[in-house]
Amino acid sequence: MQLPANMQAMVLEGSKKPLVLKTVPLPSLSRGQVLIKTTACGVCRTDLHIIDGELAHPKLPLIPGHEIIGVVASVGTEVTNLKEGDFVGVPWLGYTCGKCRYCLRGQENLCSNAVFTGYTIDGGYAEYAMAHEQYCFPLPVTYANANGAPLLCGGLIGYRSYSMIPADALNIGIYGFGAAAHILIQVAIYHGKKIFAFTRDGDKVAQMFALQLGAGWAGGSSQSPPEKLDAAIIFAPVGGLVPKALQDVDKGGTVICGGIHMSDIPSFPYHILWEERIIRSVANLTREDGEAFFKIAPEVPVTTEIKTYSLRQANEALEDLRNGTLHGAAVLVVD
Ligand SMILES: [Zn+2]
Ligand SMILES: [Zn+2]
């Protein structure tokens, strides 16, 4: 494939600044790395947390974006599994060391030396992106387009959060009905679960969206569900939802915090945690999560609702996400 010397990218130059369209050199490849011609890149809430300075020490200047769909355009040395023309997805987990105590005990999501796509290395808000071969997911053709992009983070993190709740949990609350929730609800319903969707109070459009996707009940986050929940998954970055969800779950219930950042959790009386309720967070993903998710997604089959933007409209997409006006996921389509 004939490659240009330069590419267009949306670049973050400092926290709390809008992204700037720039012409930059194509990434160079080292051992085990591939160059991907970007087809599409999802816009995730984590990108907002990085831009707003809520996640410390991003690479700067940075090309954000960690839900990359593309085609392998060239391969570095010692690349064994991928070849030019392969469709791949690139997630948040960009590389792990394989040697630290977390990697050695199968928790590569907690690797001390991990690199993260679109955070500590450049991501997919660009015409091309570099990725480590071993961390790319080969994609079926059905997902090798803009509709597949939200699966790479919203889908994967949602699925990891879901896999942390007991398999026999039936009534599941989802707090925050955005990109991750609209994917996860399809998997959960496929498994016969009953979904209770909590949105911002008064957001009838999001509640209707949840009901259309098969939720058994949808309401505002200050409302009580009509039945006790066995488990709750919180995607909204709102700490106040933790004590609320604890009150909504039954004895022995589990509350999962699926986001990378959340506002402070207010203090709460011990009795709402008592009776063996559990709170836990979910961090990043493992490649095993990805393999499991990309196996089940076509079986369901998971579909996504997206709003597309051009690469140069990245700031607009981020603002729409910030303002909560999206129902589904924002995706940049790269020509
Ligand atoms: Zn490690
Ligand atoms: Zn993300």
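Modeller: Asn284 lies in the loop between β15 (278–281) and α7, where helices (H or I, at least four residues) and strands (E, at least two) are DSSP runs numbered from the N terminus. This is a predicted model, in which local features need pLDDT of at least 70 and side-chain atom pairs count only at pLDDT 80 or more, whereas totals for chains, interfaces and linings use all residues. Residues are numbered from 1 along each chain as its sequence is written, chains are lettered from A and ligands numbered from 1 in the order in which they are written, and side-chain values use heavy atoms, with hydrogens and water left out.

Asn284 is not a glycine, yet its phi is positive, at about 60°. Most residues other than glycine have a negative phi, and most peptide bonds are trans. With a relative accessibility of 14%, Asn284 counts as buried, a class that means under 20% relative accessible area, while exposed means over 50% and partly exposed lies in between (1.4 Å probe, protein chains only). Lys16 also has a positive phi, near 70°, but Lys16 belongs to the loop between β1 (6–11) and β2 (20–25) and, at 65% relative accessibility, is exposed.

Beyond the helix, in the loop between α7 and β16 (306–310), sits Pro301, which is joined to Val300 by a cis peptide bond with omega at about -15°.

Asp289 forms a salt bridge with Arg160, the closest N and O atoms being 2.9 Å apart, where a salt bridge is a side-chain nitrogen of Lys or Arg within 4 Å of a carboxyl oxygen of Asp or Glu. The two residues come from distant parts of the chain, Arg160 from helix α3 and Asp289 from helix α7 (residues 287–299), 129 residues apart. Both ends of this pair are buried, Arg160 at 11% relative accessibility and Asp289 at 10%.

By that rule the count comes to 13 salt bridges. Among them, Asp52 pairs with Arg322 at 2.8 Å between the closest N and O atoms, linking the loop between α1 and β4 (68–75) to helix α8 (residues 314–322) across 270 residues. Asp52 is buried, at 17% relative accessibility, whereas Arg322 is partly exposed, at 31%, and these two residues join Glu319 in a network of salt bridges.

A nonpolar core is a set of buried Ala, Val, Leu, Ile, Met, Phe, Trp, Tyr and Cys residues joined through side-chain atoms within 4.5 Å. The largest such core has 97 residues, and those with the most contacts inside it are Tyr125, Tyr162 and Phe293. Helix α4 (residues 179–190) gives the most to this core, with 7 residues. A second, separate core of 16 residues includes Phe196, Trp217, Ala232 and Val255.

Cys44, in the loop between β3 (33–43) and α1 (45–51), and Cys153, in the loop between β9 (137–138) and α3 (154–163), are 109 residues apart and link distant parts of the chain. Cys44 is buried, with a relative accessible area of 12%, and so is Cys153, at 7% relative accessibility.
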